[in-house]
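User: I have this one open on my screen and would like to go through a few places in it with you. Could you keep to plain sentences?

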Amino acid sequence: MPAPGGAPHAATAPGRGVRRIAVIGGGPGGLYAAALFKRLGPDRDVTVYERNAPDDTFGFGVVLSDETLEGIESADIEVHRALSREFVRWDVIDIVHRGRTHSFGGHGFAALGRRRLLEILHARCARLGVDLRFRTEAPPAAELGARHDLVIAADGVHSATRRAHADVFGPVVTGHRNRYIWLAADFALDAFRFETADTPYGIMQLHGYPYAPDASTVIVEMREEVWRAAGLDGCAADESTTRCAGFFAEALGGRPLRGNRSSWAAFRTVRNARWSHGNTVLIGDAAHTAHFSIGSGTKLAVEDALALAASVQEQPDLPAALVAYERERRPAVASTQRAAAASLRWFEDLAAYADQPPHRFAFNLLTRSRRVTHDNLRLRDPSATAAVEQEFGCPPGTPPMFTPLRLRGLELRNRVVVSPMDMYSAVDGLPGDFHLVHLGSRALGGAGLTMTEMVCVSPEGRITPGCTGLWTDEQGDAWRRITDFVHARAPGAAIGVQLGHSGRKGSTKRMWEGIDQPLESGNWPLSAASPLPYESGVSQVPAELDGAGLAAVREQFTAAARRAAHAGFDLLELHCAHGYLLSGFLSPLTNQRTDVYGGPLEGRLRFPLEVFDAVRDVWPRERPMTVRISATDWAEGGTDEEDAVAIARAFADHGADAIDVSTGQVVPEERPEYGRSYQTPYADRVRNTVGVPVIAVGAISSWDDVNSLLLAGRADLCALARPHLYDPHWTLHAAAEQGYSGPGAPWPLPYRAGSRPPPTGRTDAPGLRPGPG
């Protein structure tokens, strides 16, 4: 970043080659970019084109984070001082739901009016000598680019620049299901307020916060079907404003709302493959948008301006600067967009959470974007967080993850699951010493439930030659050795078996030899729902299972289940995910049958349910049975969220005790949306729609995430894979880090001396003292 409040360092001299700059759009991002570039190069010619008048603005209040303000302070102390004089600050969030108010303190917010923000930026630009051209439509970016060194397109969510060069920028604009309207109240709320209203038309929500001593922003939001049922789609602006005030009369104290050319809109998420084209660059909403419920639009635009100005100053030429700008900003923007997407989705699905216990509902709302977590909320407001924990049923002094859970006759001492992980280390399907050590060490490491890898029900149902099996009694005896060890040496720990059949994804090399690549020799025939290879032109074409084949597979599953019961497993999971045989029946991308086992979802479910029923019949009644599903194929035309709910409901109706909700790996052309705990929204949807316990998986890596997901009611168990490869004692270490030593995470007696972290360096060094004079 430039040196605070002064001339750029010598290292920033290359930026002086950018002399003529045009800014399209006079919103906060465009104005701040103009001010920064002019301050860093007083001899620059900087022009801002804004089609509206100086005092025209949309919306009301703007919220800025401490992080953004620190960047502003570093780059332009005068703007920071002017903003600081205007801010309204508060630290409480009030959540009002069905007559109960839950207050959470310790949150720092700073807001001011959007108009006042623009006035400050106008004044700063004018003092610096920026040419502000109001009521002036900007020439096209291509025309400006011919006579300027840099064109900054800050022309908003409906960016004409982005549309004109869509072939280069590659925009993807996604519409969403809720309608909202941006309004204001002429009094200051005393907290950031979220309130729901149960109306005859459906549930509505209010987002409100103060932005001046006598004014608050008020956003009213609801599902489109609620909006239409209420007749708001046919209301004039004034009537909509009046009716919204009526829906939330208690929150407003009977006072009116007012608009500012306010109209109902559906939020649109903007993403672009590229942010620059020649000497034109996108910033702010032109480049990306993030839902208003995390208050990020102005923040992102200002941070873009900071990064762009710094990159131009630091890099040797403009092309390098634009690459550096995008490289710096993309990760931060992607993280914010993921958080915003989670928040947006939560409000779209609010009705699914409305019947949660009151403290859980409030906690769920607060942690919806995963940026607020159990641990930092506990630090901010211990008493409010304790109320959530008590309602959840945490014993005194017990973190949520160490609260027991009962499934049928099995009580799990904690909510941590070692996720199934294929080890590809068996010989002829036999688990050996490696599996004993691998699974035994993780059971000793404190997890409530340790799952085997997918154990195959037949030789031809293996993925690789290294997969384990349960198609012989010898294999059953080998598994018994492992379950006996877990039960004897890790008392209270449970061990579960995952049964599956590879289907069209079998007869391949071990993962480290070439994932999903066929064996070079020794292949075995494959079978599947339909004769479709996993990778066209690469993978073997499977045979479509006929009636006799289906019956044989059912019997293979039941025979394996009987051996699993005899081997002493505490829980059985049926693998219906990741493109393996049963998953292949569920997905329309892999099941193209025309008989009763294909077609609509009811038909595609038929065979997996037959297998489930057959296995449940032979699996001991007191032992639980779960099902792993892929909740989305991450591919067009594949299984989607609504299908996942229907699939989960069908298995639950047939007696599944929990649904293990994973995603993808069904087709090679998938496009997953990776990110922290990226699969948990699907588990959340299944749990809160179907009402069945769920196991959440997918990039859950911290004990804080586990606690947060459980308390919010998004999951009942959390399965972790890679963290347990990194640290077999992950659960015990999570307990130690939280200061917990209760029955949910007992250290094995031989390991008890290691239950405290060892010292890492000297602790007796003398303290530093001031020098003389």
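**Helices, cysteines and loops**

Analyst: Helix α24 is mostly covered, with nine of its 11 residues buried, where buried means under 20% relative accessible area, exposed over 50% and partly exposed in between, using a 1.4 Å probe and protein chains only. Helices (H or I, at least four residues) and strands (E, at least two) are DSSP runs, numbered from the N terminus. This is a predicted model, in which local features need pLDDT of at least 70 and side-chain atom pairs count only at pLDDT 80 or more, while totals for chains, interfaces and linings use all residues. Residues are numbered from 1 along each chain as its sequence is written, and side-chain values use heavy atoms, with hydrogens and water left out.

User: Which residues of α24 are buried?

Analyst: They are Thr-680, Pro-681, Tyr-682, Ala-683, Asp-684, Arg-685, Val-686, Arg-687 and Asn-688. Just after α24 comes Gly-691, with a positive phi of about 85 degrees.

User: And at what angle do α23 and α24 cross?

Analyst: Helix α23 (residues 641-653) and helix α24 (residues 680-690) cross at roughly 55 degrees, and their axes come within 10 Å; axes are lines fitted to C-alpha atoms, for helices over the stretch in contact, and angles run from 0 to 180 degrees between N-to-C directions. That makes α23 oblique to α24, given that angles under 35 degrees count as roughly parallel, over 145 as roughly antiparallel, 65 to 115 as roughly perpendicular and the rest as oblique.

User: Which residues meet there?

Analyst: From α23 there are Glu-641, Glu-642, Ala-644, Val-645, Ala-648, Arg-649 and Ala-652, which meet Tyr-682, Arg-685, Val-686, Thr-689 and Val-690 of α24, contact meaning heavy atoms within 4.5 Å. By class, the contact of α23 with α24 has seven nonpolar, one polar and four charged residues, where Ala, Val, Leu, Ile, Met, Phe, Trp, Tyr, Cys and Pro count as nonpolar, Asp, Glu, Lys and Arg as charged, and the others, Gly among them, as polar.

User: How far apart are the axes of α14 and α16?

Analyst: The axes of α14 (residues 358-366) and α16 (residues 382-392) are 8 Å apart, and the helices pack at an angle of about 125 degrees, so α14 and α16 are oblique to each other. Their contact is made by Pro-358, His-359, Arg-360 and Phe-363 of α14, together with Ala-387, Val-388, Glu-391 and Phe-392 of α16.

User: Switching to cysteines, how many disulfides does the structure hold?

Analyst: The structure holds zero disulfides, a disulfide being a pair of cysteine sulfur atoms within 2.5 Å. Cys-456 is in no disulfide, and the nearest cysteine sulfur, that of Cys-467, is 4.6 Å away. Cys-456 is buried, with a relative accessible area of 0%.

User: What about Tyr-424, buried or exposed?

Analyst: Tyr-424 counts as buried, at 10% relative accessibility. Tyr-424 lies in the loop between β19 (416-418) and α17 (433-444) and has a positive phi of about 50 degrees, although Tyr-424 is not a glycine.

User: Last one, what does Asp-285 touch?

Analyst: Not counting residues up to four places away in sequence, Asp-285 touches Gly-156, Val-157, Arg-162, Val-270 and Gly-297. Asp-285 lies in the loop between β16 (280-282) and α11 (297-314), and at 32% relative accessibility counts as partly exposed.
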